[in-house]
There are 2 protein chains.
Amino acid sequence: MRAQDNSSAAGPFLPHVENGTGQSPVIFVCEHASNALPQPWGDLGLSAEQTRAHIAWDPGALGLARGLARRLDATLIHAPVSRLIYDLNRAPDMAGAMPARSEVHDIPGNAAISAAERLARTEAIYLPWANGLHNLIAARIAMGRRPVIVTIHSFTPIYHGKARAVEFGIIHDADPTLALSILAASGQTGLNAQLNEPYSAADDVTHTLRLHATPYALQNAMLEIRNDLIATPEAEEAMAERLAPILSAALRAEERAA
Amino acid sequence: MRAQDNSSAAGPFLPHVENGTGQSPVIFVCEHASNALPQPWGDLGLSAEQTRAHIAWDPGALGLARGLARRLDATLIHAPVSRLIYDLNRAPDMAGAMPARSEVHDIPGNAAISAAERLARTEAIYLPWANGLHNLIAARIAMGRRPVIVTIHSFTPIYHGKARAVEFGIIHDADPTLALSILAASGQTGLNAQLNEPYSAADDVTHTLRLHATPYALQNAMLEIRNDLIATPEAEEAMAERLAPILSAALRAEERAA
């Protein structure tokens with residue numbers, strides 16, 4: 001079903017919030033948690049195999065985020081819809097928000113999106129998400145608890161035919177403080193951990209941090225795990241067990257510095 | 001009625017939007033348009049004279065903003081509630097959001113605000129405002145129109161006993177581009193125009209710009225008019241007539257530079 005035929009009623013698709021009363025300062029954010037392709041958009045002309053691949057979502061990211069949220073007693077907010085319909089880590093005018101192409105795949109249903117359809121997806125998916133996350137953050141701030149925003153992503157080991165050596169990417173926007181603390185603590189994981197890899201804020205991948213953390217001067221970081229390391233529920237749990245102490249150590253370092 | 005007794009149900013108090021279909025790129029924002037003191041908060045223990053004074057709102061700002069919006073065919077969004085209950089140009093954890101003192105006046109109803117009351121005001125007033133403004137902005141961006149955010153304020157000619165010479169203050173946050181264009185065009189107004197006077201971003205007065213304009217890299221400025229110059233409906237109209245060509249000239253300068 002082509003997008004431009006469906007610019008009228010849809011949604012709103014509300015974000016999923018888990019453990020809303022979590023006591024950790026961290027709010028985990030998983031913008032690419034879902035490969036759901038609901039009506040009126042449907043499969044956008046993709047094959048079932050494509051809709052299971054990393055172009056539709058970040059495989060393993062939600063399971064890892066849930067494992068981390070449970071271990072830290074943190075709140076988790078995650079996307080209800082595939083990033084192929086709306087990539088929640090992009091502003092509505094970015095090409096990647098409703099991508100016509102992702103890595104080597106054309107997305108037929110996104111080939112020719114009208115302004116009305118762009119608006120419809122923004123109002124059905126992006127705004128309920130962004131305002132829902134803002135509600136969580138502002139409520140914490142009002143109660144005198146400054147949240148720490150940590151987004152959880154996964155990346156593909158092979159991209160445009162090239163293998164990626166990095167296993168754990170730690171990305172920051174304007175303020176590198178928390179990212180540097182996480183990097184400093186990450187030695188004990190045994191992972192190949194790199195700052196601002198496999199991409200960085202210069203690639204416009206930090207929209208969530210820019211919109212939600214930076215204006216309130218909240219500590220923040222974007223974590224990227226290579227998806228072959230979190231390819232099963234057991235692997236997701238094992239990675240959560242490996243990364244939770246790193247995050248806790250970085251948060252303690254922040255508290256000492258504050 | 002004391003605030004801490006009323007932390008339960010109130011609102012939401014939705015922002016007022018006028019000329020939502022305006023064709024100008026400008027969205028005028030008037031955070032201090034209103035001196036309304038609705039229940040359950042009421043007059044916060046202030047006299048009727050105090051609730052008409054500049055501590056409760058920016059006298060003249062709404063009339064000026066309306067005059068500008070009409071002349072430019074721009075959308076205007078303005079506050080439904082006095083800044084004494086919630087100052088919409090402040091984050092929920094800033095002291096000025098629900099001020100216990102304003103200039104030389106104590107605000108009895110804000111003397112001891114509990115976390116629950118701070119949350120209640122944030123959810124009843126700040127979040128509907130901020131999310132409403134975000135909805136306007138993101139919808140424009142989705143349709144390929146990049147809005148220009150211009151906030152309209154007024155300031156008192158005498159502050160803490162000292163007279164202010166500046167008549168027209170032009171304040172910027174991170175990006176000074178539009179503010180500098182407005183300053184450059186303001187010579188023809190005959191007003192004493194000053195950059196970052198009577199205060200600046202360093203005084204934490206640019207929350208709206210920081211939260212709504214900077215993350216989307218939107219052009220923005222905060223305009224401050226001395227309130228003795230807009231003390232009657234006729235004076236508001238005359239000032240709108242004087243400033244509209246300045247804004248139009250600055251916007252044209254921006255378009256040429258883009």
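This is a predicted model: local features need pLDDT of at least 70, side-chain atom pairs count only at pLDDT 80 or more; totals for chains, interfaces and linings use all residues.
## Helix H4 of chain B and what covers it

Two residues are in contact when their C-beta atoms, placed from the backbone, lie within 7 Å. The buried residues of H4(B) are Leu178(B), Ala179(B), Ser181(B), Ile182(B), Leu183(B) and Ala185(B).

Chain A holds an open sheet of seven strands in the order E1-E3-E2-E6-E11-E9-E10, and the pairing is mixed. At its edges stand strand E1 (16-18) and strand E10 (193-195) of chain A; each has a single partner strand, so one side of each has no neighbour in the sheet. On average, neighbouring strands of this sheet are turned by 20° against each other, direction ignored.

Strand E2 (residues 26-30) of chain A runs parallel to E6(A), and four bridges join the two. Within this pair, Phe28(A) has Val150(A) of E6(A) as its bridge partner. Helix H3(A) packs on the sheet and touches E1, E2 and E3 of chain A, with its direction at about 165° to that of E3(A). Another helix, H2 of chain A (residues 61-72), lies across E1, E2, E3 (75-78), E6 and E11 of chain A. H2(A) runs at about 170° to E2(A).

## Strand E11 of chain A

For E11(A), both faces are covered. Asn220(A), Met222(A), Glu224(A) and Arg226(A) are buried on one side, and Ala221(A), Leu223(A) and Ile225(A) are buried on the other.

Strands of a sheet pair through backbone hydrogen bonds, either parallel or antiparallel. E11(A) runs parallel to strand E6 of chain A (residues 148-155), to which seven bridges join it. In that pair, His153(A) has Glu224(A) of E11(A) as its bridge partner. With strand E9 (residues 168-171) of chain A, E11(A) pairs in the antiparallel sense over four bridges. Here the bridge partner of Ile171(A) in E11(A) is Met222(A). Glu224(A) and Met222(A) are both among the residues buried on one side of E11(A).

## The sheet of chain B

In chain B, seven strands form an open sheet with mixed pairing, in the order E1-E3-E2-E6-E11-E9-E10. Strand E1 (16-18) and E10 of chain B are the edge strands, and each pairs on one side only. From one strand to the next, the twist averages 20°.

E1(B) pairs with strand E3 (residues 75-78) of chain B over three bridges, in the antiparallel sense. Val17(B) stands opposite Ile77(B) in E3(B). Helix H2 of chain B (residues 61-72) lies across E1, E2 (26-30), E3, E6 and E11 of chain B, and it runs at about 170° to E2(B).

In soluble globular proteins, nonpolar side chains tend to be buried together. The largest nonpolar core of this model has 154 residues, and Phe28(A) and Phe28(B) have the most contacts inside it. Helix H3 (residues 115-142) of chain A gives the largest share of this core, 13 residues.

What is in contact with Phe28(B), leaving aside its neighbours within four places in sequence? The partners are Ala65(B), Leu68(B), Ala69(B), Ala74(B), Leu76(B), Val150(B) and Ile152(B).

## How the two chains meet

Between the chains, 25 residues of chain B are in contact with 25 residues of chain A. Helix H3 (115-142) and helix H5 (207-213) of chain B are the elements that give two or more residues to the side of chain B that touches chain A. The largest share of that side, 15 residues, comes from H3(B). By kind, the residues of this side divide into 15 nonpolar, six polar and four charged.

Two copies of a chain are related by a rotation about an axis and a shift along it. Here a rotation of 180° with 0.0 Å of shift along its axis superposes chain B on chain A, with an RMSD of 0.0 Å. The two copies are thus related as by a two-fold rotation axis. Asn131(B) is the residue of chain B that comes closest to the rotation axis, with its C-alpha at 2.9 Å. Of the interface residues of chain B, 100% are also interface residues in chain A, so the copies meet through the same surface.

Technical notes:
Residues are numbered from 1 along each chain as its sequence is written. Chains are lettered from A and ligands numbered from 1 in the order in which they are written. Ala, Val, Leu, Ile, Met, Phe, Trp, Tyr, Cys and Pro count as nonpolar, Asp, Glu, Lys and Arg as charged, and the others, Gly among them, as polar. Copies are superposed by least squares on the C-alpha atoms of residues with pLDDT of at least 70 in both. A residue is buried if 20 or more other C-beta atoms lie within 10 Å of its own, exposed if 12 or fewer, and partly exposed in between; C-beta atoms are placed from the backbone. A nonpolar core is a set of buried Ala, Val, Leu, Ile, Met, Phe, Trp, Tyr and Cys residues joined through C-beta atoms within 7 Å. Two strands pair if DSSP finds at least two bridges between them. Axes are lines fitted to C-alpha atoms, for helices over the stretch in contact, and angles run from 0 to 180 degrees between N-to-C directions.
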